Amino acid sequence: MTTAQFPTLAESGLSPEAAELVTGPDEHPIHPEHTPTGQLAFGVFFQGVNSSTIWRLPSSGDQVAWESFETLIRTAERGKFAAFFLGEGLRLREHRGVPFELDVAGRPDAQTLLAALAAVTKDIGLVATQNTTYNDPVDLARRLQTLDLLSAGRAGWNIVTTDNAWTGENFRRGGYLDHADRYTHAEAFVQVAEQYWRGEQVAHDGAHYSVRAQGDLPRSAQGRPVLFQAGASPAGQDFAARTADVIFSPHGSLAAAVEFRRSIVERTVAAGRDPGSVKILPGAEIVLAPTEAEAEEKIRWVRDLQIGPEQAIALLEQYWGRDLSEFDPEGPLPDVPPEVVESGVTRGSGFQFAKAEELTRQWREEAAQKGQSILEFARAKSGSRRGAFTGSYDAVADRLVEFARLGAIDGLNITPWLIPSGLDDIVDHLIPRLQERGVYPTEYAGSTLRENLGLPPV
Ligand SMILES: Cc1cc2nc3c(=O)[nH]c(=O)nc-3n(C[C@H](O)[C@H](O)[C@H](O)COP(=O)(O)O)c2cc1C
């Protein structure tokens, strides 16, 4: 379907928020070099260890059981999802130097799981998050190509550089790379993988490794695994603009998504690529109910389950860098200074340069001004908030249509707040509404992940 089949943006009645963001004609509403397809593709992100999936309800599954993965992927395939993603965490997450006891324990190996899931599915893409900081390029490229061959062209690689310094201790080289070095390294890593996939002689001598190899597997049905990228710093965006097929972004509001699209279009054009060949899927949490009032209530219920008193204190401890257990979660934010002056350089872009002292002071002021307790403040800062993708079935469908029409996003990568049933209402109630509105496929477009994402052939 093309945009020509839609009414004009003005005829379709844009919301005031969207109308403000439009800077061009219908064909290029947000950037002169970008033509919206008006279509959305969904992925599901099985993150496992995170702070938004609720593992303690009676209906919660088991984070490592086969049944959780199989049920979820079958639901996603019923909803014509383009992709099933697995997150990567190779070591227990740490909190103040010790394993974080509020996490569920561990994530099974993504490639082993996806190979098994390939056998019980037919159309859905299988995407493994794999970091470039600790893996070896030829070894990883070979395993991903194996998955692509086994699944007849449904494999994807979510390229991350990883902000977890502690993960390095699992590996022979130990340690970690500085933030700036991680992307230089990642780019060389992906070039080696691409040479391998093309069946070329690989000869790379870099700062961190030397490798001589020869591609030894045939091309898959889609040529090579689809390259996703997650990491939104300027260096991460440039890397994605040069390298990725799809960006898994953290920008969920309409204004942030439009700004991110503009930034990526500019960087893609500067890299000499067609901006239409880089898709953007923001990560999203979706909370739905038949009516707005029921949705409001459900959002509060979900958020309260996600962030209890212990999680609220732990969140602040990450920024204060010290034990805050003596503070009352129902009381005001701690009036003590943080113990770290600057956060570690291995953290991601969100916190990398933020001075903890300044941030914690700002937070104290903000919470005091709003009259929020620790618990209320933590709930407002994380988890399910009243966002773009929460509300009644119709309201969320209408919002998504607007995102699609503007070309702000090419779809969503959905993190279910409950596993394995967290996609049920999306597939049963939201997707039919998106299909009726003409922005979501009623059948898989092709047999490969590349085709189902509307990407050009390689
Ligand atoms: C949406 C999203 C998902 C991510 N998922 C993972 C993951 O599963 N495993 C991981 O090690 N890092 C993950 N990362 C972190 C990236 O590896 C990266 O280290 C981090 O975002 C810092 O890079 P940046 O400064 O460019 O944002 C993710 C990042 C984003 C934005």
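Which residues do ring pairs link into a cluster? In this predicted model, the cluster consists of F45, F85, F228 and F248.

**Aromatic pairs**

The structure holds 17 aromatic pairs. One of them joins W157 and F189, whose rings are tilted, with 5.8 Å centre to centre and 50° between the planes. This pair links distant parts of the chain, 32 residues apart: W157 belongs to strand β6 (residues 155–160) and F189 to helix α5 (residues 179–197). Both W157 and F189 are buried.

A further tilted pair is formed by F389 and F403, at 5.3 Å centre to centre and 50° between the planes. F389 sits in the loop between α11 (374–381) and β13 (390–392), whereas F403 is part of helix α12 (residues 393–406), so the pair ties together parts that are 14 residues apart in sequence. F389 and F403 are buried as well.

**Ligand surroundings**

The ligand is surrounded by 17 residues, of which E88, T162, H179, Y183 and S233 are the closest. By class, this shell has 6 nonpolar, 9 polar and 2 charged residues. Contacts with the ligand include the following.

| Residue | Protein atom | Ligand atom | Distance |
|---|---|---|---|
| E88 | backbone N or O | nitrogen | 2.8 Å |
| A232 | backbone N or O | oxygen | 3.0 Å |
| S233 | polar side-chain atom | oxygen | 2.5 Å |

On its own, the ligand has 600 Å² of accessible area, and the protein covers 87% of that area.

**Domains**

The protein is divided into domain 1 (3–290 + 386–452) and domain 2 (308–381). The C-alpha centres of domain 1 and domain 2 lie 29 Å apart.

Conventions:
Residues numbered from 1 in each chain as written. Predicted model: local features only at pLDDT ≥ 70, side-chain atom pairs only at ≥ 80, totals over all residues. Heavy atoms only, no water. Near = heavy atom within 4 Å. Polar contact = N/O pair within 3.5 Å; in protein donor to acceptor, adjacent residues only side chain to side chain. Areas by Shrake-Rupley, 256 points an atom, 1.4 Å probe, with all protein chains shown as cover. Nonpolar A, V, L, I, M, F, W, Y, C, P; charged D, E, K, R; others polar. Domains from an automatic or database assignment. Phe/Tyr/Trp six-rings, centres within 6.5 Å; stacked < 30°, edge-to-face > 60°. Helix = DSSP H or I, 4+ residues; strand = E, 2+ residues; numbered from the N terminus. Buried < 20%, exposed > 50% of the residue type's maximum accessible area, 1.4 Å probe, protein only.
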